[in-house]
Amino acid sequence: MLTELRRSFDAGVTRGYEWRITQLKKLLIICDNHEPEIVSALQDDLGKPELESSVYEVALLRNSIKLALKQLKDWMSPDKAKTSLTTFPASAEIVSEPLGVVLVISAWNYPFLLSLDPVVGAISAGNAVVLKPSELAPASSSLLAKLLEQYLDSSAVRVVEGAVSETTLLLEQKWDKIFYTGSSRIGRIIMMAAAKHLTPVVLELGGKSPVVIDSDTNLKITAKRIIVGKWGCNNGQACISPDYILTTKEYAPKLIDALKHELEAFYGKNPMESKDMSRIVNSNHFDRLSKMLEEKEVSEKIVYGGQKNKENLNIAPTILLDVPLDSLIMSEEIFGPLLPILTLNNLEESFDVIRSRPKPLAAYLFTQNQKLKERFATTVSAGGIVVNDIAVHLALHTLPFGGVGESGMGCYHGKFSFDAFSHKKAVLYKSFLGDSSIRYPPYSRGKIRLLKALVNSNFVELFKVLIGIA
Amino acid sequence: MEAMKETVEQSLREMRETFESGRTRSVKWRKTQLGAIIEMVKDNEDKMCDVLFQDLGKHSTEAFRDELGFVIRSATTALNCLDKWAVPKKSNLPLLFYPAKGQVVSEPYGTVLVLSSWNFPISLSLDPLIGAISAGNTVLLKASELSPNASAFLAKAIPSYLDTKAIKVIEGGPDVATILLQHQWDKIFFTGSPRIGKIIMAAAAEHLTPVTLELGGKCPTIIDHRSVSKDMKSVVKRISGGKWGSCSGQACIAVDYVLVEQSFASSLIDMLKPTIKSFFGENPKESGCLSRIVSKKHFQRLSRLLNDPRVQASIVYGGSMDEEKLYVEPTILLDPPLDSEIMNEEIFGPILPIITLRDIQESIGFIKSKPKPLAIYAFTKDENLKTRILSETSSGSVTFNDVMIQYMCDALPFGGVGESGIGRYHGKYSFECFSHEKAIMEGSLAMDLEARYPPWNSFKLKFIRLAFREAYFKLILLMLGLKK
């Protein structure tokens with residue numbers, strides 16, 4: 001299969017503007033004509049509510065495609081670069097070219113968005129692409145395989161379904177780029193495999209995204225945004241989900257009350273019955289989360305929720321207060337509907353707590369204090385920082401979306417997707433005019449002086465040497 | 001080794017502490033360091049030319065042109081542009097998000113590792129250092145053991161000019177590199193061969209450390225003799241300069257081999273010979289203008305490439321070697337076998353194969369059959385050929401009608417693709433190379449849209465759908481109850 005794709009790429013199939021636009025338009029048709037099937041597959045795989053599927057998977061994807069359709073000509077055109085005296089006379093530009101045949105490995109929590117959004121980038125940059133969707137979302141995986149085969153050019157775009165063994169086989173091949181969304185643990189394996197072929201990678205990983213809450217914030221709006229950003233986004237199973245909260249000892253009770261109040265407003269008195277939240281994806285993850293809750297010294301810290309139903313793979317929205325820092329729930333990315341709140345004597349301490357941990361994909365702060373915002377933005381390192389909201393930054397195509405340190409490398413969205421799948425080739429056009437002998441042996445004192453003058457853009461010195469008076 | 005392990009751990013600890021303290025984040029600190037680098041080079045010009053002569057037999061003009069002058073320019077540019085580079089970039093957000101604000105801030109990765117090379121030991125050490133410092137990182141430089149005098153110079157000079165708690169130098173070979181790679185770094189910058197590049201990337205993968213790998217490859221030079229016949233003298237001079245005039249061909253962007261039409265081959269050779277003589281005289285070994293081969297190991301490597309009997313048979317000029325003086329004569333080959341070693345690995349030496357083709361258009365297919373190189377050079381005025389080269393081949397860079405000069409153009413990113421590398425630097429790209437571009441979005445607590453929150457209903461769904469399409473008019477109609 002790889003040989004065929006390479007042949008297509010070498011034949012130039014994917015490079016033309018027309019081909020890329022056609023493929024992107026077909027992807028748009030998939031969004032427009034197959035939304036009900038997509039929603040249904042997501043319901044099967046994740047119990048995802050229709051609104052989340054429509055908005056966070058289909059609508060976001062549609063926007064991404066439309067942006068690419070609109071901007072592609074601009075993205076594809078070379079950028080002029082300035083030349084200087086040392087290379088005079090010359091002109092220079094930077095040309096974007098496709099990398100070749102690329103591999104996109106997607107995740108299970110947003111199986112359509114995280115499969116097709118990178119594919120949009122790969123196609124707009126002119127590559128041939130193989131997509132490997134996650135086997136943990138099987139209905140979505142097979143729907144993707146079916147739709148892409150039906151609509152896209154299969155000589156250049158393919159879907160490979162499967163699990164660990166298929167992925168391992170894929171990773172043994174030589175790709176021109178690998179784009180991976182998933183866990184840090186697997187991210188290491190991917191990069192290691194890529195190293196064998198010097199394949200560049202984008203790794204969109206995860207981490208524990210902290211939320212720092214200041215007492216001067218608008219409590220009601222803060223609580224609502226946290227809730228919809230956590231439980232309203234695949235029930236906490238999202239890479240930029242607010243993982244844990246940091247606030248002061250005094251403020252915590254007010255925050256908890258506000259959260260409880262809004263949770264009830266959103267999901268009713270029996271959240272386990274609510275149709276507005278995704279379920280836990282499978283029993284492995286259910287057990288993982290149960291283990292977190294059942295740990296000694298953690299279970300007693302539950303202040304809201306805690307109910308579980310293994311058969312339905314449901315865990316109620318759960319809030320915990322001051323769990324031990326070395327507990328399981330505070331040691332790994334939760335990726336579920338559990339929200340620990342850690343209290344501090346003063347908010348300044350939150351910076352140290354965050355900085356003592358691996359760099360997360362996102363860090364959130366709710367405050368009206370300008371100084372605090374600035375300090376947070378400059379001292380907290382994370383993929384992205386959002387003040388006074390949750391998760392929305394991934395919908396903004398003018399902001400690069402990616403991690404740093406343990407949360408990943410590289411970025412995408414908007415033009416960043418196009419760039420992620422392109423090689424920016426430097427091109428220099430030189431003329432034959434003015435070939436100065438100082439470039440060539442035999443070397444002499446005079447040549448050094450001339451070179452120095454050039455280096456220092458010292459025109460006076462240059463002139464003096466040239467007319468022989470220096 | 002234990003002592004070395006201890007040194008590394010201590011250095012890392014100190015650099016991390018320094019980074020945490022925030023000292024390297026200040027633009028003033030960075031500018032001071034950059035200024036100190038310029039001072040260091042200007043104060044020690046003679047000493048630096050001296051060590052480069054000891055390590056590589058480099059003439060002081062070459063040393064200045066390729067290394068010292070380059071570093072001074074690079075540091076000066078960084079000094080002048082740092083304020084501009086460090087400014088956050090504002091992002092426009094869609095109207096729907098009003099009054100939210102977005103920007104992208106460049107922040108240093110933290111504590112970074114620079115592994116330098118032996119062929120341009122000063123510039124390939126200091127240039128990445130300039131990038132790391134301007135981006136606000138603390139940095140450890142490991143200079144190459146194959147250029148011991150330059151390495152020792154840097155180990156001594158850098159601590160006397162730069163902030164030793166933030167910028168450190170370590171000397172040593174593969175065993176030191178192995179120890180370094182066992183630790184977690186926030187970024188690794190490596191200049192060297194693809195073989196070692198793979199080892200570096202695999203080690204970096206253990207810690208999810210991002211890497212920039214400046215590797216190499218066989219940089220082809222196409223001569224479309226018909227279209228540049230008027231300027232052929234310049235062409236030959238430039239190619240000769242690009243092969244023998246810079247570290248005797250031991251450069252990642254050196255002219256590796258030439259592609260030319262069969263009918264022109266002998267004329268080309270006839271022009272190359274006197275050009276070489278004009279550069280190095282009758283006896284290049286004594287000219288003082290030709291760098292020597294860096295080590296016995298590399299000499300033996302080049303020896304092996306030439307000793308292949310089929311390659312020997314293709315020598316049309318030069319070919320003499322002196323192991324004691326680590327000297328290889330400027331050598332020209334005509335059509336060595338394509339399956340010989342010399343045509344399948346980066347030569348990195350003063351041997352120039354000329355490969356002939358029936359038609360210069362075939363050069364494209366030839367280049368494509370090999371791994372993507374760091375640079376492609378093409379001497380042509382034929383617009384069609386230029387377009388074909390640009391669109392059908394892939395390389396780090398393409399330079400028309402000259403060689404190696406793209407290195408000097410700091411508005412152009414310098415880096416490879418495929419086997420020739422990952423990432424890029426020079427100019428502002430050096431700054432970006434060592435920075436994490438952090439997105440910052442600030443929302444407003446003043447306004448809120450009910451439609452954002454559960455419980456979901458069909459109104460909210462319609463609202464959000466329209467909002468996403470930025471169909472603001474329809475959105476207003478919906479809110480006024482005028483749209484179903």
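What are the angle and the axis distance between helix 4 and helix 5 of chain A? The angle is about 5 degrees and the axes lie 10 Å apart, with helix 4 covering residues 50-76 and helix 5 covering residues 113-124. The axes are lines fitted to C-alpha atoms over the stretch in contact, and angles run from 0 to 180 degrees between N-to-C directions.

On the helix 4 side, the residues in contact include Tyr56(A), Leu60(A), Ile65(A) and Trp75(A), while helix 5 brings Leu116(A) and Val120(A), among others. Contact here means heavy atoms within 4.5 Å. Sorted by class, there are 10 nonpolar, two polar and two charged residues. Nonpolar covers Ala, Val, Leu, Ile, Met, Phe, Trp, Tyr, Cys and Pro, charged covers Asp, Glu, Lys and Arg, and the others, Gly among them, are polar.

A word on the ground rules: this is a predicted model, where local features need pLDDT of at least 70 and side-chain atom pairs need 80 or more, while totals for chains, interfaces and linings use all residues. Residues are numbered from 1 along each chain as its sequence is written, chains are lettered from A and ligands numbered from 1 in the order written, and side-chain values use heavy atoms, without hydrogens and water.

Ten strands form an open sheet with mixed pairing, in the order 10(A)-13(A)-14(A)-9(A)-8(A)-15(A)-16(A)-18(B)-2(B)-1(B). Its edges are strand 10 (302-304) of chain A and strand 1 (89-91) of chain B, each pairing on one side only. From one strand to the next, the twist averages 25 degrees. Strand 10 pairs with strand 13 (residues 318-321) of chain A in the antiparallel sense over two bridges, and two strands count as paired if DSSP finds at least two bridges. In that pair, Ile302(A) sits opposite Leu320(A).

Here is chain B in numbers:

| Feature of chain B | Value |
|---|---|
| Helices and strands | 18 helices and 18 strands |
| C-alpha box along the principal axes | roughly 90 × 55 × 35 Å |
| Buried residues | 63% of 484 residues |

Asp50(B) is in helix 3 (residues 45-56) of chain B. At 38% relative accessibility, Asp50(B) counts as partly exposed, between buried (under 20%) and exposed (over 50%), with a 1.4 Å probe and protein chains only.

Key: Helix = DSSP H or I, 4+ residues; strand = E, 2+ residues; numbered from the N terminus.
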